[in-house]
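Here is a walk through one protein chain, written for someone with the structure open on screen. Keep the viewer handy and click along as the residues come up.

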Amino acid sequence: MRVKRVIVVPPDGPGSKGDEGMLRGALELFRSFPIMILNPRPDESWIGYLQPNRPVLERLSEAGGALPSFAPRLEDGDLLFVIGADVIDGTCGIEPAIERLDLMAAALARRVPVYVHSSFRSSVETRILDDLAFLQGARFLLRDELSLENFQRQTNIQSRFFPDLSFFYKPQSHSQIAADLARRVVAMRNSYSPILGVNFAEHSFRSFYDEHTDANRREFVATVLTGLAAAHRSAAFVLLS
């Protein structure tokens with residue numbers, strides 16, 4: 001089948017630098033094709049957030065809304081590429097995983113090729129594993145060797161290792177954001193040491209809390225920063241989304 005358009009499903013709406021890196025990597029991988037970004041949070045535009053240059057912008061489009069509802073809009077010549085990250089295995093909740101699995105099943109029913117790139121934890125909910133069993137026609141790409149081992153042990157579905165998509169993005173060190181951050185870090189060095197970069201990931205938060213509320217997220221962040229500040233009293237912090 002000749003691919004005419006690639007439908008890319010990011011892990012979430014814009015905001016996370018990790019998600020942004022993976023999406024930018026996917027755009028680089030599929031640089032020869034028209035791409036539609038299927039945005040799970042249509043109130044915030046990925047294209048507006050990425051601010052791509054004109055050559056990239058000319059081949060990009062975006063659609064949003066409930067993911068399974070997009071299935072009737074799939075066309076002959078489409079390829080569905082799901083950036084599963086830590087969503088497919090349920091790390092970010094069951095419902096986001098099931099939404100993507102439902103879309104994948106609908107795409108396969110329409111004979112649209114499906115590729116999934118994700119991590120996979122050691123113990124995944126039975127509901128997710130049951131849905132995966134019906135997706136034998138999809139191509140699963142695991143971003144690290146441990147995830148590959150976990151996936152094959154729990155699903156018996158053919159899969160292969162494929163590096164993290166962020167590695168395929170060519171960062172622009174001369175961007176205004178990078179230049180501003182570099183200036184601020186240099187200025188902080190005059191008064192603080194060390195400079196600590198901190199990334200608060202959702203899956204890390206969920207490892208410590210059973211109730212996934214914003215109040216608990218704030219408590220998690222405050223606890224980590226308080227502990228770091230006590231251990232490094234003259235440190236400055238750079239918070240990474």
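## Ground rules

First, a word on burial: a residue is called buried under 20% relative accessible area, exposed over 50%, and partly exposed in between, using a 1.4 Å probe and protein chains only. By that scale Phe168, at 28% relative accessibility, is partly exposed.

This is a predicted model, where local features need pLDDT of at least 70 and side-chain atom pairs count only at pLDDT 80 or more, while totals for chains, interfaces and linings use all residues. Numbering starts from 1 along each chain as its sequence is written, and side-chain values use heavy atoms, with hydrogens and water left out.

Let's begin with strand S4, residues 78-85. Helices (H or I, at least four residues) and strands (E, at least two) are DSSP runs, numbered from the N terminus. Is S4 mostly covered or mostly open? Mostly covered: eight of its eight residues are buried. On one side sit Asp78, Leu80, Val82 and Gly84, and on the other Leu79, Phe81, Ile83 and Ala85, with both faces covered.

S4 also has strand partners; two strands pair if DSSP finds at least two bridges between them. S1 and S4 run parallel and are joined by five bridges, and Val9 has Val82 as its bridge partner in S4. S4 pairs with S5 over five bridges too, again in the parallel sense. Here Leu80 stands opposite Val114 in S5. To get from S4 to S5 the chain passes through H4, making a right-handed β-α-β crossover. Right-handed means that, with the strands pointing away from the viewer, the path from the first strand over the helix to the second runs clockwise.

## The nonpolar cores

A nonpolar core here is a set of buried Ala, Val, Leu, Ile, Met, Phe, Trp, Tyr and Cys residues joined through side-chain atoms within 4.5 Å. In soluble globular proteins, nonpolar side chains tend to be buried together. The largest core in this model has 33 residues, and Leu38, Leu80, Leu101, Met104, Leu132 and Phe140 have the most contacts inside it. Among the elements that each supply at least two of its residues are strands S1, S2, S4, S5 and S6, along with helices H4, H5 and H6. Which of them gives the most? That would be H4, with seven residues. Apart from this core lies another, of 20 residues, including Val8, Ile47, Phe81 and Leu141.

Leaving out residues up to four places away in sequence, Phe140 touches Met104, Val116, Leu132, Leu135, Phe151, Ile157, Gln158, Ser159 and Arg160, where contact means heavy atoms within 4.5 Å.

## Aromatic pairs

Rings of Phe, Tyr and Trp (its six-membered ring) pair if their centres lie within 6.5 Å; planes under 30 degrees apart count as stacked, over 60 as edge-to-face and the rest as tilted. By this rule the count comes to 10 aromatic pairs. One of them is Trp46 with Tyr49, an edge-to-face pair at 5.6 Å centre to centre and 85° between the planes. Both sit in helix H2 (residues 46-50), three residues apart, so about one helical turn separates them. Trp46 is buried, with a relative accessible area of 0%, whereas Tyr49 is partly exposed at 32%.

For a stacked pair, look at Phe162 and Phe168: 5.5 Å centre to centre, with 15° between the planes. There is also an aromatic cluster made of Phe200, Phe205, Phe208, Tyr209 and Phe220.

## Salt bridges

A salt bridge means a side-chain nitrogen of Lys or Arg within 4 Å of a carboxyl oxygen of Asp or Glu, and the structure holds 10 of them. Arg5 bridges to Asp78, with the closest N and O atoms 2.7 Å apart. That pair links distant parts of the chain, from Arg5 in strand S1 to Asp78 in strand S4, 73 residues apart. Arg5 and Asp78 are both buried.

Other bridges sit within a helix. Glu20 and Lys17 have their closest N and O atoms 2.9 Å apart, and because they are three residues apart in helix H1 (residues 17-29), about one helical turn separates them. Glu20 is buried at 9% relative accessible area, while Lys17 is partly exposed at 39%. In the Arg183 and Asp180 bridge, the N to O distance is 2.2 Å. These two are three residues apart in helix H7 (residues 176-189), so they too are separated by about one helical turn. Asp180 is partly exposed, at 31%. Finally, salt bridges that share partners join Arg5, Glu75 and Asp78 into one network.
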